[in-house]
Structures are given as C-alpha cells and as structure tokens.
Amino acid sequence: EPNGRIRSSWDVYLCFLLVYVAAFVPYRVSYMTELTGALEIIDGCVDCSFGLDIVLNFFTAHLASDGIIIWDMKKIAIRYLKGF
C-alpha cells in the first residue's frame with residue numbers, strides 16, 4: 001500500500017541513506033582513495049538499498065489523481081517507466 005506503515009518506514013530509511021550519501025560521498029571522493037573494511041560494507045549496503053528501492057517502486061501501488069489506489073501491475077509499470 002502506498003501510504004502504509006511499511007512503505008513509510010522504508011521511505012524514512014531511504015531519507016537517512018540520502019543524508020549519509022550527501023555527507024559522505026563528497027568527503028570520500030575528495031580525501032579517500034578506496035574504501036576498506038566496514039566502510040566498504042556500508043557503501044555496498046547503501047547501493048543495494050537504492051537498487052532494491054527501484055525494484056520496489058516498480059511494483060508498489062500508487063494513488064491516482066482521483067484518490068483511487070492503482071493495483072494493476074501493468075499500469076504501475078507504465079507509470080514508473082514514464083516517470084513520476
């Protein structure tokens with residue numbers, strides 16, 4: 001469900017990841033040559049989370065302009081491919 005608890009929690013998680021990326025990536029690009037240890041694992045998890053978000057958005061119902069929840073996978077896929 002587009003406004004459900006799980007979806008809202010996922011969106012909050014992604015917001016934290018975006019803050020992490022906005023703060024850490026410029027530092028990493030400027031001062032670090034490569035990631036090692038825990039930073040490499042964290043970076044991989046962040047990348048996987050964003051990749052999973054792409055897949056989940058492709059299959060998540062959405063609200064139409066008239067307030068009806070669209071559950072039809074074909075319509076969801078078309079909307080996602082066209083952009084939000």
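Arginine 7 is buried, with a relative accessible area of 19%. This residue belongs to helix α1, which covers residues 5-31. The model is a predicted one.

- Arginine 7 counts as buried because its relative accessible area of 19% falls under the 20% limit.
- The side chain of arginine 7 forms a polar contact with the side chain of threonine 60, at 3.5 Å.
- Tyrosine 20 is also placed in helix α1.
- With a relative accessible area of 22%, tyrosine 20 is partly exposed.
- Apart from neighbours within four places in sequence, tyrosine 20 contacts Val25, Ile42 and Val46.
- Tyrosine 20 and valine 46 are 26 residues apart along the chain, and their C-alpha atoms are separated by 9.0 Å.

**Methionine 32 in the loop**

- Methionine 32 sits in the loop between α1 and α2.
- Its relative accessibility is 24%, so methionine 32 counts as partly exposed.
- When residues up to four places away in sequence are not counted, methionine 32 touches Phe24, Tyr27 and Leu39.
- From methionine 32 to isoleucine 78 the C-alpha distance is 41 Å, and the two residues are 46 apart in sequence.

**Packing of helices α2 and α3**

- Two packed helices are described by the angle between their axes and by the distance between those axes.
- Helix α2 (residues 38-59) packs with helix α3 (residues 73-82) at an angle of about 130°, and the axes are 7 Å apart.
- On the α2 side, the contact is made by Ile54, Asn57, Phe58 and Phe59.
- On the α3 side, Met73, Ile76, Ala77, Tyr80 and Leu81 take part.
- Sorted by class, the contact of α2 with α3 has eight nonpolar residues, one polar residue and no charged residues.

**Histidine 62 in strand β1**

- Histidine 62 lies in strand β1, which is made of residues 62-63.
- The relative accessible area of histidine 62 is 12%, so this residue is buried.
- A polar contact of 3.4 Å joins the side chain of histidine 62 to the side chain of arginine 79.
- Between histidine 62 and aspartate 72, which are 10 residues apart along the chain, the C-alpha atoms are separated by 9.7 Å.

- How many disulfides does the model have? With a disulfide taken as a pair of cysteine sulfur atoms within 2.5 Å, the count is zero.
- For cysteine 15, the closest cysteine sulfur is that of cysteine 45, at 18 Å, which is too far for a bond.
- Cysteine 15 is partly exposed, with a relative accessible area of 47%.
- For cysteine 48, the closest cysteine sulfur is again in cysteine 45, at 6.5 Å, and this distance is also too far for a bond.
- Cysteine 48 is exposed, because its relative accessible area of 55% is over the 50% limit.

Conventions. Residues are numbered from 1 along each chain as its sequence is written. This is a predicted model: local features need pLDDT of at least 70, side-chain atom pairs count only at pLDDT 80 or more; totals for chains, interfaces and linings use all residues. Side-chain values use heavy atoms; hydrogens and water are left out. Helices (H or I, at least four residues) and strands (E, at least two) are DSSP runs, numbered from the N terminus. Buried means under 20% relative accessible area, exposed over 50%, partly exposed in between (1.4 Å probe, protein chains only). A polar contact is a pair of N or O atoms within 3.5 Å; within protein, one must be able to donate a hydrogen and the other to accept it, and residues adjacent in sequence count only if both atoms are side-chain atoms. Axes are lines fitted to C-alpha atoms, for helices over the stretch in contact, and angles run from 0 to 180 degrees between N-to-C directions. Contact means heavy atoms within 4.5 Å. Ala, Val, Leu, Ile, Met, Phe, Trp, Tyr, Cys and Pro count as nonpolar, Asp, Glu, Lys and Arg as charged, and the others, Gly among them, as polar.
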